[in-house]
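User: I am new to this structure. Please show me how to read its features, one at a time.

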Amino acid sequence: MAHASAPLLPKGVLRWARWALALFILIALKSVIHAHGVGEDDRAFIEGASGMAIGPYMYLGAKHMVTGYDHLLFLVGVIFFLYRLKDVGTYVTLFAIGHSTTLLLGVLLDVRANPYIVDAIIGLSVVYKAFDNLDGFRTLFGRAPNPKAAVLIFGFFHGFGLATKLQDLTLSQDGLLPNLISFNIGVELGQFTALGAILIAMNLWRSTSSFRRSAITANAALMCAGFVLVSYQLAGYFTQA
């Protein structure tokens with residue numbers, strides 16, 4: 001864990017950035033149980049579409065990522081202690097590869113699984129990364145999982161989570177592949193947009209002397225959000241009709 005540098009910006013701006021990130025985590029904690037849902041308007045469009053609809057599917061993909069709190073919480077955990085853009089790019093690319101692969105193959109090959117279980121595993125991805133950031137694995141077990149492999153594997157589950165939702169819809173086979181590819185492109189555009197905002201807030205926060213102390217609380221909140229999602233999804237699994 002690297003040492004934080006001295007504040008380079010006005011304290012008011014730094015305080016705003018820290019509270020903005022904290023607010024994001026709290027909103028995500030409250031809203032994470034709604035992640036991966038397909039709204040009624042979007043459902044009506046998808047089920048009524050026929051043929052290629054590149055633009056609309058890109059929009060829906062971007063919308064899904066920007067409002068996908070489970071994705072964003074996981075990304076916050078992944079980049080929390082990454083200070084070089086090269087490292088950020090590596091991990092985000094691994095996540096994107098995993099996410100895109102299972103989204104495409106899950107729908108095209110009709111690979112099915114219980115959506116509650118898949119979303120519970122997605123919640124565990126948030127728990128895992130927050131626990132890893134707190135150095136919990138090394139403390140308890142003496143070693144930590146390979147971080148790159150973990151991000152890729154959990155990326156597979158994040159993509160499969162959306163695939164299970166799309167499988168519940170009546171998708172037109174006419175233009176299905178280009179539409180899914182467009183959706184994937186939209187997801188990645190939304191991811192980079194959200195990631196840019198998160199990185200700005202994180203870099204402002206890292207320039208404060210309180211970052212190391214607050215980092216523990218922030219990752220504890222991330223872990224709590226993950227457990228909330230896991231609990232909600234397991235409750236849905238055991239009470240489903």
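User: Which residues make the nonpolar surface patch?

Analyst: Leu 105, Leu 108, Leu 109, Val 111, Leu 177, Ile 181, Ile 185 and Leu 189 make a nonpolar patch of about 670 Å². Patch residues have over 30% relative accessible area and no salt bridge; nonpolar side chains (Val, Leu, Ile, Met, Phe, Trp, Tyr) are joined within 5 Å, like charges within 9 Å. A salt bridge is a side-chain nitrogen of Lys or Arg within 4 Å of a carboxyl oxygen of Asp or Glu. Areas come from the Shrake-Rupley method with a 1.4 Å probe, and for residues only the protein chains shown count as cover.

This is a predicted model: local features need pLDDT of at least 70, side-chain atom pairs count only at pLDDT 80 or more, and totals for chains, interfaces and linings use all residues. Residues are numbered from 1 along each chain as its sequence is written, and side-chain values use heavy atoms, with hydrogens and water left out.

User: Which helices supply the patch?

Analyst: Helices (H or I, at least four residues) and strands (E, at least two) are DSSP runs, numbered from the N terminus. H5 and H9 each give at least two residues to the patch. H9 gives the largest share, 4 residues. Leu 105 sits in helix H5.

User: Is Leu 105 buried, partly exposed or exposed?

Analyst: Buried means under 20% relative accessible area, exposed over 50%, partly exposed in between (1.4 Å probe, protein chains only). Leu 105 has 41%, so it is partly exposed.

User: How many aromatic pairs are there?

Analyst: Rings of Phe, Tyr and Trp (its six-membered ring) pair if their centres lie within 6.5 Å; planes under 30 degrees apart are stacked, over 60 edge-to-face, the rest tilted. That rule gives 12 aromatic pairs. Phe 80 and Trp 205 are edge-to-face, because their planes stand at 85 degrees, with centres 5.7 Å apart. Phe 80 is in the loop between helix H4 (69–79) and helix H5 (85–108), while Trp 205 is in helix H9 (residues 176–206), 125 residues apart. Both Phe 80 and Trp 205 are buried.

Tyr 237 and Phe 238 are also edge-to-face, at 5.1 Å and 75 degrees. Tyr 237 is partly exposed at 32%, and Phe 238 is exposed at 65%.

User: Which residues do ring pairs link into a cluster?

Analyst: The cluster holds Phe 74, Phe 95, Tyr 128, Phe 131, Phe 137, Phe 141 and Phe 154.
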